[in-house]
Amino acid sequence: MQHQSKLPNVNTTIFTTMSALANAHKALNLSQGFPNYPSSQKLNDLVTYAMNNGYNQYAPMAGNLDLRIAISNKYELLYNNTYHPEKEITVTAGATQAIYTIVSAFIRPNDEVLIFKPAYDCYEPTVEVNGGKTIAIQLSAPDYKVDWNEVASKISSKTKMIIINSPHNPSGTVWSKNDMLQLQKLTKDTNIIVLSDEVYEHIVFDGEQHQSACLFDDLKQRSFITASFGKTFHNTGWKIGYCCAPEYLMTEFRKVHQFNVFSVNHPAQKGIADYMQDAETYLGLNSFFQQKRDLFLNLISESRFKFKPSQGTYFQVLDYTSITDEHDVDFAKRLTKDFKIASIPLSVFNKKSKDDKVLRFCFAKTDETLVKAAEILCKI
């Protein structure tokens, strides 16, 4: 039988490809973005306690209320601006499900969605499978700065949504307050929805502040924020995330959410809610990951790789133009096979596979792993 694919251009993701290659060649895997150290024992114990005390049936569709209150309190603490726990916060099966549901709730055939490339790989297929069209704005290494005049030129009457991501995966860059003000100015008095992917909001370095969409009053009124407890609490396999938005947007989101997953893992939600009563569980992440970034960069400072220190996320982009002129996918595969270290080539996230000769390395690893990785990179 023959069926026409709704995603004819989608193949195996680069994350799967590089992790499989790393496994096959017994390479250090700094490609996929997950920690190789355990999540908090206290958090594990709280989830186990919840499991042993009756939190094993369906959670409310919008999420465990204790967790939604904890999320609301977190926004008030961090940004002096919050969301109503009953009407404006929904717990999801990771941030990816939140993103998929937001797009599904609002994008109709031929609607246009602006994205910034290099872009996380779920954005474009999600728009496409819902009949929309992505309008890509290419950012360039090493700064990945947004040309707001170009953005203005790409906005049209068909523009339904703009997807942004700061701190930015894969580049490790962070949007400034001015960037957010420019976005607010361009979308003011329009019906454009902003989807702000803020999964790395707690991982910003060098004393900088995360510029959340909720800090800008007009922007907040048209924005969804998506976030991930997997990124925050070192347990990506739990797939617990959430999104926040004004009630009129969240009402439409929940119409789709209830028929997509309805609700997500209840004991994990309750355990996270109890864990978040201590704000230090997320306030301490900036310094925790900055120590890892600094360790990694100090160790490779004598290598032939060039870099600008990551501003946020737990990824570091390395420029290899002093080493080879190979295509980044080829070089990443050769490093995995011959040098036993796996990374992610950024061209796969760009328009027309634009190759800036850079690779992304994940430093959410034990110090021992980072030392071993640096030893390899300094020999290349």
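Which residues are linked with K270 in a network of salt bridges? D66, K270 and D274 form that network. A salt bridge here is a side-chain nitrogen of Lys or Arg within 4 Å of a carboxyl oxygen of Asp or Glu.

## Basis of the model

This is a predicted model, in which local features need pLDDT of at least 70, side-chain atom pairs count only at pLDDT 80 or more, and totals for chains, interfaces and linings use all residues. Residues are numbered from 1 along each chain as its sequence is written, and side-chain values use heavy atoms, with hydrogens and water left out.

## The chain as a whole

The chain has 15 helices and 12 strands. Its radius of gyration is 21 Å, close to the 21 Å that the globule rule gives for 380 residues, so the chain is as compact as a globular protein of that length. The radius is taken over C-alpha atoms, and the rule is 2.2 Å times the number of residues to the power 0.38. Helices (H or I, at least four residues) and strands (E, at least two) are DSSP runs, numbered from the N terminus. Along the principal axes, the C-alpha atoms fill a box of roughly 55 × 55 × 50 Å.

Of the 380 residues, 56% count as buried. Buried means under 20% relative accessible area, exposed means over 50%, and partly exposed lies in between (1.4 Å probe, protein chains only). The chain exposes about 16600 Å², and carbon and sulfur atoms supply 48% of this area. Such areas come from the Shrake-Rupley method with a 1.4 Å probe; for residues, only the protein chains shown count as cover. Among contacts with a separation of 6 or more, residues 24 or more positions apart account for 76%. Contact means heavy atoms within 4.5 Å.

## Charges and salt bridges

Side chains of opposite charge can pair when their charged atoms come close. The structure holds 16 salt bridges. In one of them, the side chains of K270 and D66 meet at 2.7 Å, N to O. K270 lies in helix α11 (residues 266-275) and D66 in helix α3 (residues 65-79), so the pair ties together parts that are 204 residues apart in sequence. K270 is buried, with a relative accessible area of 11%, whereas D66 is partly exposed at 34%.

K308 forms a salt bridge with D143, and their closest N and O atoms are 2.5 Å apart. K308 is in the loop between α13 (285-299) and β9 (315-319), and D143 is in the loop between β4 (133-138) and α6 (148-154), so this pair ties together parts 165 residues apart in sequence. K308 is partly exposed at 48% relative accessibility, and D143 is partly exposed at 33%. Another salt bridge joins D218 and K188, with the closest N and O atoms 3.8 Å apart. D218 is in helix α8 (residues 217-220) and K188 in the loop between α7 (177-187) and β6 (193-197), 30 residues apart. D218 has a relative accessible area of 23% and is partly exposed; K188 is partly exposed at 45%.

## Two buried residues

T187 is placed in helix α7 and is buried, with a relative accessible area of 0%. Leaving aside neighbours within four places in sequence, T187 is in contact with I162, I192, V194, L219 and R222.

I344 is in strand β11 (residues 344-345) and is buried, with a relative accessible area of 0%. Beyond neighbours within four places in sequence, the contacts of I344 include I14, F15, M18 and L359. The C-alpha atoms of I344 and K158 are separated by 34 Å, and these residues are 186 residues apart along the chain.

## Backbone features in loops

Two peptide bonds can be listed here. The bond from A141 to P142 is cis, with omega near 5°, and P142 lies in the loop between β4 and α6. The bond from S166 to P167 is cis, with omega near -10°, and P167 is in the loop between β5 (159-165) and α7.

K26 has a phi near 50°, a positive value in a residue other than glycine. K26 is in the loop between α1 and β1 (28-29) and counts as exposed at 75% relative accessibility. K239 also has a positive phi, about 50°, although K239 is not a glycine. K239 lies in the loop between α9 (229-232) and β8 (241-244) and is partly exposed, with a relative accessible area of 42%.
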